[in-house]
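Grab a pencil and work through the exercises below. Try each task before you read its solution.

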Amino acid sequence: MTITAMRRGGAASLLALLAAGAVQAQTVSDRGLSYTLYGTPGLIDMPSALSAPDGQIAATMGRFDGQVRTTFTFQLLPKLSGSFRYSRIEDYSLPGARGSVDDYFDRSFDLRYRFNDETEILPAFAVGLQDFLGTGAYGAEYLVATKTFGDKIRVTAGLGWGRFGSDGGFNNPLGVLSSEFDERPELEFEEGGTFALDQLFRGDAALFGGVEYAATDKLTLKAEYSSDAYERETELGLIERDSPLNFGLVYRPLPGVQLGASWLYGSELGLTGTFLIDPGTRPFGPGLDPAPSPIRIRQGDARAAATWDRAKIPEATIGATLQQALAAEGVELSSIELSDRAVRLRYTNTRYRAEAQAMGRIARMLSLGLPDSIERFTLEPMQRGVPLSAVTLSRSDIEAFADTAGGTQALSQRLVLQDAGPRDGLEPLPRIDDRLSYGLAPYARFTVFNNDEPFQVELGAQLSARYEITDSLVASGTLRQQLYTNREDPELIVAEDDEPYPVRRNAALYADQGTTGIRDLTLAQYGRLAPDVYSRATIGYLEEMYGGLSTEVLWKPADSRLGLGAELSYARQRDFDLGFGFQDYDVVTGHASAYYDFDNRFYGQVDVGRYLAGDWGATFTLDREFENGWSVGGYFTLTDVPFDAYGEGSFDKGIRVSIPLDYVVGQPTRREASTSLASLQRDGGAKLRVDGRLYEVVRDGHLNDLEDGWGRFWK
């Protein structure tokens, strides 16, 4: 898995942003909620039925006697959470594994669902699947209940299967439903990554439980009875399990930080550290944005004016003055149409993440600078030279709701959203900004979760440049100079037997040989083929590993939740030295895509088509976005590459996170840092990486994104 800072110029590393956000995270209000060695809400090694606050992210590292577990847990919904875990176990091997016993690296996924909220009488109940999509080294299922007594004591009791049914086990009570529940089959597939449905809730069951005592707001004491016998670890002599009892404490030195220590199984010392991040909050409250200009309120007789004196206030003067004023707000005014009663603007917001905030700043400037007779404001936001929509506001409404409680919502109900109008009638304005932008910045790339080298780092500097030939025709490129890496010399990987061509597995060679090289160098043209239909064509060195031509078409009405697109690309593999040369491998790849906004900040995407290795299949993606710009989601890809030919992991899957930089620095900016946490980088299901795909470009100015950000209209 590779972590890089990207998208809209984000240059800070994701890990640094996580650290910055953790200190500002929301304090858990219900006392005592903390995380286990597995990185899930619970006791010490055993889970509880508690849920974290909706949307919270927990990054936990747990360690004891040769085991290190690093877990990211995300509260997807108020009652549903998911976890991705990467573990290292010294001198360990799976049962039946061939070869010498050595350090073992494991990737696992969990899901947990809480059925109900705790009441005065009933405890909270939850069901969980642990390591249900991995090799099964930590495989377990459980039903658990948790009840709070007063504001200090919390009791948990549960029934576990798999690992959690290995100590003190008894006949599976689900056996009354079917005899198939009586035995738990041996897990034979060691590549992991598949759903072992025949394992779930099978075999012996066992009871576990414990108690937590919140001594203070910062200190919680714990004791538990564990039903995990650590059979394999004990068999290999890695753990001495003298007792099923564990004791521990958790201390919270800062909001969003938890430190834990425990005495495990009568023989082992365990340590945990957890950083909690709440994407739904802002570290700087509403932000450190500069104060906007005031709204100018017209007098009653001025509102009734039918026209304005063009001899005193020429149209050219209005356009030039507005262009200068909006430039100070980070808004590039491209063209304007003026009449006695209306104004229409086409502009590009370069500063504010929420398009609605840019609209609010523009509305204020228009109220200050336009003749009193102009009543209707039509704002047409653009990105990459392409108009996205047309939002029409009444000047009288803006004046009436500017300082009124509930005015933001009232104004949103009065606006009219349509597709952007024709170019006819708009008077272009000469650009006053610099078409050339460039910058020199450090970069960091981390590769983790690889078995042979679990943590690799590459540090360097990169020079990026961008030249806007026209508003919609852009040339850009990035030159990188590597300064440090701890990577060992990689070997060339060649496909064997029925394996797909190594379209991604030789990525390390680009870092090894391309110490000074061109990361990307492209020419991109954006346009509108028809109302609601957008286009993109990008040619050049598209990404680090491939060059070629990528074309895309997207149908996305401004007021629709649905978008449909198609992308067709010709890609050729670049030389490892990141120069201008190419290798012999080339491929035609492309996808038909459907995008849907579920109206609750969940965005779904399905891509069906041909991938870089020539395989055919589909990718399914679901992202959850927050008002402050955070986005957390997951994806998986299934293609006609067989699981055994794909290799470890069986199929492509992962988690992706995007953090807006204004969340960290407090100042308005559209830049963000993005990363994908993938279990492994393989060849099946690999897609071409192209900057500026249409859906992400155009949706900012469309209905649901405008509604989601409308609360910042007056900011």
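Start with the secondary structure: Leu-523 lies in strand S24, which covers residues 516-530. Keep in mind that you're looking at a predicted model. Next, check the accessibility. Buried needs under 20% relative accessible area and exposed needs over 50%. Leu-523 has a relative accessible area of 35%, so it counts as partly exposed.

Strands S21 (436-448) and S22 (455-468) are the elements that give two or more residues to the patch. S21 gives the most, with three residues.

**Exercise 1: get an overview of the whole chain.**

Step one is to count elements: the protein chain has twelve helices and 33 strands. Step two is burial: 54% of the 715 residues count as buried. Step three is the surface, where the chain exposes about 30,000 Å², with carbon and sulfur atoms supplying 58% of that area. Last, look at the contacts. Take those between residues at least 6 apart in sequence, and 60% of them join residues at least 24 apart.

**Exercise 2: which residues of helix H4 are buried, and how are they arranged around the axis?**

Begin with the helix itself. H4 runs over residues 315-327, which makes 13 residues. From its first C-alpha to its last, H4 reaches 18 Å, close to the 18 Å expected at 1.5 Å a residue.

Now pick out the buried residues of H4: Ile-318, Gly-319, Leu-322, Gln-323 and Leu-326. These residues cover an arc of only 130 degrees around the axis, so they sit on the same side of H4. Turn to the face pointing away from that buried side and you'll find the exposed residues Ala-316, Thr-321 and Gln-324. What covers the buried residues? The cover includes strand S14 (331-338) and helix H5 (355-369).

**Exercise 3: repeat the analysis for helix H7.**

In H7 (residues 407-414), the buried residues are Gly-407, Ala-410 and Leu-411. Seen down the axis, the buried residues of H7 fall within an arc of 100 degrees, so they line one face of the helix. Among the elements that cover them are strand S18 (390-394) and helix H6 (395-401).

**Exercise 4: what does Thr-348 touch beyond its neighbours in sequence?**

First place the residue: Thr-348 is found in strand S15, residues 342-349. Its relative accessibility is 13%, so Thr-348 counts as buried. Set aside the neighbours within four places in sequence, and Thr-348 is in contact with Gly-330, Val-331, Glu-332, Met-382 and Gln-383. Take one of these partners, Gly-330. Thr-348 and Gly-330 are 18 residues apart in sequence, yet 8.6 Å apart in space, C-alpha to C-alpha.

**Exercise 5: follow some salt bridges.**

A bit of background: side chains of opposite charge can pair when their charged atoms come close. Counting a side-chain nitrogen of Lys or Arg within 4 Å of a carboxyl oxygen of Asp or Glu, the total comes to 47 salt bridges.

Start with Asp-54 and Arg-624, whose closest N and O atoms are 2.8 Å apart. Asp-54 lies in the loop between helix H1 (14-23) and strand S2 (57-64), while Arg-624 is in strand S30 (residues 616-625), so this pair ties together parts that are 570 residues apart in sequence. Asp-54 is partly exposed at 32%, whereas Arg-624 counts as buried at 11%.

Next comes Asp-372 with Arg-296, again a salt bridge with the closest N and O atoms 2.8 Å apart. This pair links distant parts of the chain, 76 residues apart: Asp-372 is in the loop between H5 and strand S16 (376-383), and Arg-296 is in the loop between strand S13 (268-277) and helix H3 (300-303). Asp-372 is partly exposed, with a relative accessible area of 25%, and Arg-296 counts as partly exposed at 27%.

Finally, widen the view. Arg-296 and Asp-372 belong to a network of salt bridges that also links Arg-298, Glu-375, Arg-395 and Glu-399.

Technical notes:
Residues numbered from 1 in each chain as written. Predicted model: local features only at pLDDT ≥ 70, side-chain atom pairs only at ≥ 80, totals over all residues. Heavy atoms only, no water. Helix = DSSP H or I, 4+ residues; strand = E, 2+ residues; numbered from the N terminus. Buried < 20%, exposed > 50% of the residue type's maximum accessible area, 1.4 Å probe, protein only. Expected span 1.5 Å × (residues − 1). Arc of directions from axis to C-beta. Contact = heavy atoms within 4.5 Å. Areas by Shrake-Rupley, 256 points an atom, 1.4 Å probe, with all protein chains shown as cover.
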